[in-house]
Amino acid sequence: MADLKIVADSAIPFLKGVLEPYARIEYIKGSDISHDDVRDADVLIIRTRTRCNASLLEGSRVRLILTATIGFDHIDLPWCRAHNITVSTAAGCNARGVLQWFSAVMVHLSRELGFRPEEKTLGVVGVGHVGSLIKAYAESWGFRVVCCDPPREEREHLGFLPLEEVARQADILTFHVPYQPDTHHLCDARLLALLRPDCIVLNSSRGAVVDNDALRESHLRAVLDVWEHEPQIDRELAERVLLATPHIAGYSLQGKANATSITLATLSRHYDLPFTTWYPEGVAPSSPRPISWEELCESIGRHYDIAEESRRLKSHPEAFEEMRNNYPYRKEYF
């Protein structure tokens, strides 16, 4: 495999030193990966900051793109399909990391606003890897949960509601959908107008799922981890939201280990490499377990100080990308 060339985002955790015996590998900052860099590459291993489209890939010999992320909106999938380039994500890798971000948000809001879970209706939009976890844990804590996921409802007939009905019922509305044409500004001015005046909007999916201009003008309360036009975020909106974090909801230690593990397993299946069960040394895999609301309230602050993180971003929104790239990964503990 010495002739196999891989170009990889230099910020992908745990990757350096693993593939070198089997391939020529070049590490480059994700946003700096260029057409010249990939011209003679067979494989790209990337994150969201590398835009994989014709301008990057035209004329290259790339045949496999592995993104160590759950999303794929940074990749022109139709162009890749038309040019016989296989694309694979690390779907589900950081679901429990996002769950713990959501949990920290809920505990913070309950304390600041003075409510208990059984007093609130939570609307979950997108019931995939992340949304399913949030639904299950929120229900165990006492929230009434209503869900919207049209593709799953069409396939499985689970009793999920239309988006507009979930919006009308929700005291807290949280988005966990992939970004694609039909989810661009899924939460727009029209939907925001359906919400109760005291409803709180959460977004940890992709920035453009929520129309940031419409949200700012609506004066509804919100918690945002993802933003339109990252890393140049709307400073007025960042100052106004209840909590602001720099696109790190899924940045847990296990989530990052899972992403690299999934990526290497996929690479191994394509090129017969010995990494189908690889997991980084020194990282304990997640040990999922139930957690009561009382235990969550007592313990979450020791694992994740989301209020302090929000204060840092609100004070220095220009440091968004630096905060994201140098983030101290949280350890999942439930």
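**Salt bridges, cysteines and pockets in a predicted model**

The structure is a predicted model in which local features need pLDDT of at least 70 and side-chain atom pairs count only at pLDDT 80 or more, while totals for chains, interfaces and linings use all residues. Residues are numbered from 1 along each chain as its sequence is written, and side-chain values use heavy atoms, with hydrogens and water left out.

A salt bridge was taken as a side-chain nitrogen of Lys or Arg within 4 Å of a carboxyl oxygen of Asp or Glu. The count by this rule is 24 salt bridges. In one of them Arg61 pairs with Asp42, with 3.0 Å between the closest N and O atoms. Arg61 is in the loop between α2 (54–57) and β4 (64–67) and Asp42 in the loop between α1 (35–38) and β3 (43–46), so the pair ties together parts that are 19 residues apart in sequence. Helices (H or I, at least four residues) and strands (E, at least two) are DSSP runs, numbered from the N terminus. Asp42 is buried, at 15% relative accessibility. Arg116 and Glu118 also form a salt bridge, at 2.8 Å from N to O; Arg116 is partly exposed at 35%, as is Glu118 at 48%. A network of salt bridges links Asp213, Arg216, Glu217, Asp234 and Glu236.

Zero disulfides were found in the whole structure (a disulfide being a pair of cysteine sulfur atoms within 2.5 Å). Cys52 is in no disulfide, and the nearest cysteine sulfur, that of Cys80, is 6.5 Å away. Cys52 is buried, with a relative accessible area of 1%, and Cys80 is buried with a value of 1%.

The largest pocket holds about 990 Å³ of space. It is lined by 50 residues, and those closest to its centre are Ile70, His176, Val177, Pro178 and Tyr179. Helix α6 gives the most to this lining, with four residues. The second largest pocket holds about 370 Å³. Arg49, Arg51, Asp73, Arg206 and Glu230 are the closest to its centre among 15 lining residues.

Notes: 1 Å grid on protein atoms, 1.4 Å probe; cavity = no way out; pocket = protein on both sides within 12 Å on 5 of 7 lines; lining within 4 Å. Points joined across faces, edges and corners; volume = space filled by probe spheres on them. Buried < 20%, exposed > 50% of the residue type's maximum accessible area, 1.4 Å probe, protein only.
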